[in-house]
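Here's a quick briefing for anyone meeting this structure for the first time. Have a look at it, then read on for a helix pair and a ligand site.

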Amino acid sequence: MSLIETATAVRENAHAPYSRFKVGAAIRAASGAVYAGCNVENVAYPQGTCAEAGAIAAMVAQGDTRITEVLVIADSPSPVPPCGGCRQKLREFADGDVRVTMATIDGQSLTMTVEQLLPGAFTAGHMANTGGRG
Ligand code: THU
């Protein structure tokens with residue numbers, strides 16, 4: 001299945017009774033495998049998780065650690081970008097040149113790189129002086 005097919009399908013499973021805003025995400029990993037995630041909200045609102053976080057967790061659980069492509073889809077007037085926290089989560093496993101396509105269910109799409117979404121990201125290199133490890 002393509003990333004858009006995967007993300008579109010998993011979006012249907014989103015648990016979003018509070019925002020009513022269902023999001024689907026699909027990640028292609030270096031192995032070629034595709035991982036899916038949807039947002040999972042909670043009555044204790046801050047406990048909810050984004051679609052991207054779910055897809056990343058699925059990827060890591062299967063032993064993949066590098067992202068080569070991302071697609072996010074929602075029912076929105078314009079393509080929905082990953083939230084700030086998800087940009088950092090994606091950057092953990094994706095180089096700056098990895099493409100993130102933001103799609104709407106009515107066929108719009110916008111593609112940006114991880115570096116464009118999170119310029120000047122905090123990385124392990126910033127901890128070099130203390131011997132901190134990435
Ligand atoms: N959401 C995502 O899952 N991914 C995004 O890229 C944007 C926002 C979710 C979080 C929450 O469940 C709902 O959308 C409204 O913020």
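This is a predicted model: local features need pLDDT of at least 70, side-chain atom pairs count only at pLDDT 80 or more; totals for chains, interfaces and linings use all residues.

Residues are numbered from 1 along each chain as its sequence is written, and side-chain values use heavy atoms, leaving out hydrogens and water.

**The helix pair**
- Helix H2 (residues 51–61) packs against helix H3 (residues 84–93) at about 25 degrees, with the axes 10 Å apart.
- H2 and H3 are therefore roughly parallel to each other.
- On the H2 side, the contact (heavy atoms within 4.5 Å) is made by Glu52, Ala53, Ile56, Met59 and Val60, and H3 brings Cys86, Lys89, Leu90 and Phe93.

**The ligand site**
- Residues around the ligand (a heavy atom within 4 Å) include Ser19, Phe21, Asn39, Glu41 and Pro81.
- A polar side-chain atom of Glu41 sits 2.6 Å from a ligand oxygen atom.
- For Asn39, a side-chain N or O atom is 2.9 Å from an oxygen atom of the ligand.

Notes: Axes are lines fitted to C-alpha atoms, for helices over the stretch in contact, and angles run from 0 to 180 degrees between N-to-C directions. Helices (H or I, at least four residues) and strands (E, at least two) are DSSP runs, numbered from the N terminus. Angles under 35 degrees count as roughly parallel, over 145 as roughly antiparallel, 65 to 115 as roughly perpendicular and the rest as oblique. A polar contact is a pair of N or O atoms within 3.5 Å; within protein, one must be able to donate a hydrogen and the other to accept it, and residues adjacent in sequence count only if both atoms are side-chain atoms.
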